[in-house]
Amino acid sequence: MDDVFKALSDPTRRDLLDELFREDGQSLSALEARFSMTRFGIAKHLRILEDAGLVATRRRGREKLHFLNPVPIRLVHDRWVSKYAEPWAAALSDLKSRLESPMEKIFEIYIKTTPERLWAAITDSEIRSKYQFGNTLESDWTPGGKFVMGNPKAGEALGEGENLEVDPPRRLVQTMRALWGEDVKAEGTSKVTWEIEPVGDSCHLTVTHSDLREGANEQLYGGWPMILSGLKTWLETGEKLTTPGSIMYT
């Protein structure tokens with residue numbers, strides 16, 4: 001977490017995160033135009049934010065786009081803030097989500113585990129329920145196969161989709177249609193991509209939630225930071241994350 005605090009200590013880097021919060025997926029040129037600083041200076045600050053995991057990047061043609069990654073900030077919240085001010089923090093988080101209108105959301109996290117254990121945690125329904133609000137995910141995990149998301153406390157399916165790509169233990173791509181309420185049903189189908197990259201004795205996990213309409217309901221993507229925090233906690237400690245949000249449906 002030292003890298004996160006170091007990155008956040010500089011006001012320009014905080015301003016860059018604010019810009020990505022305002023409009024996700026910006027190029028270096030677009031960000032440079034909003035600051036009275038050289039292109040080299042902006043690029044240097046972005047590299048520090050990338051190294052801290054606060055910014056994720058994706059290539060789109062010739063351009064390198066930058067996305068805000070809230071997962072490291074969520075980990076700080078889970079470690080300290082939730083013990084003292086969960087209601088206030090949750091209210092501010094909800095306000096942040098209401099102000100966002102993303103087309104694509106990218107979440108990154110490093111977990112000390114093997115690709116095989118991480119893949120199993122993603123695809124094993126019983127393990128999945130330990131970090132995803134008690135929800136199960138049933139599938140045969142074959143390309144073209146279907147999956148259904150459920151919960152023992154729900155009387156019907158909470159979500160459904162299709163496995164587009166299944167490449168263990170590296171990559172999983174699925175369509176996703178939320179079914180837990182009429183408001184999210186109206187959003188239609190989006191896409192979730194899980195990418196696992198081994199890094200030493202750890203894994204770099206990237207979750208990309210795409211094909212979201214502009215102004216999509218925050219329920220579709222707002223839970224990812226807590227889900228990934230719970231996944232990291234489970235794999236590294238064998239314990240469940242016990243912040244109020246993570247256990248609200250268990």
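Biologist: What is the order of the three strands in the open sheet, and how do they pair?

Modeller: This is a predicted model, by the way. The open sheet runs E1-E3-E2, and the pairing is antiparallel.

Biologist: What makes E1 and E2 edge strands?

Modeller: Strand E1 (26-27) and strand E2 (55-60) each pair on one side only.

Biologist: How do you know that E1 and E3 pair?

Modeller: Pairing takes at least two bridges. Two bridges join E1 to strand E3 (residues 63-68), so the pair qualifies.

Biologist: Over to strand E4 (residues 105-111), where Lys105 lies. Why is Lys105 called buried?

Modeller: Because its relative accessible area is 4%, and buried means under 20%.

Biologist: What makes the link between the side chains of Lys105 and Asp24 a polar contact?

Modeller: The distance is 3.3 Å, and the cut-off asks for N or O atoms within 3.5 Å. So that pair counts as a polar contact.

Biologist: Now the second largest pocket: how much space lies in it, and which residues are closest to its centre?

Modeller: About 440 Å³. Of the 18 lining residues, Met1, Val4, Ala52, Pro72 and Leu75 are the closest to the centre.

Biologist: Which elements give two or more residues to that lining?

Modeller: Helix H1 (2-8), helix H4 (39-51), helix H5 (71-99) and E4. H5 gives the most, with five residues.

Biologist: And how does the lining of the second largest pocket split by class?

Modeller: Eight residues are nonpolar, two polar and eight charged.

How values were computed:
Residues are numbered from 1 along each chain as its sequence is written. This is a predicted model: local features need pLDDT of at least 70, side-chain atom pairs count only at pLDDT 80 or more; totals for chains, interfaces and linings use all residues. Side-chain values use heavy atoms; hydrogens and water are left out. Helices (H or I, at least four residues) and strands (E, at least two) are DSSP runs, numbered from the N terminus. Buried means under 20% relative accessible area, exposed over 50%, partly exposed in between (1.4 Å probe, protein chains only). A polar contact is a pair of N or O atoms within 3.5 Å; within protein, one must be able to donate a hydrogen and the other to accept it, and residues adjacent in sequence count only if both atoms are side-chain atoms. On a 1 Å grid over the protein atoms alone, a cavity is a set of points where a 1.4 Å probe fits but cannot get out, and a pocket is an open set with protein on both sides within 12 Å along at least five of seven lines; lining residues have an atom within 4 Å of a point. Grid points are joined across faces, edges and corners, and a volume is the space filled by probe spheres set on the points. Ala, Val, Leu, Ile, Met, Phe, Trp, Tyr, Cys and Pro count as nonpolar, Asp, Glu, Lys and Arg as charged, and the others, Gly among them, as polar.
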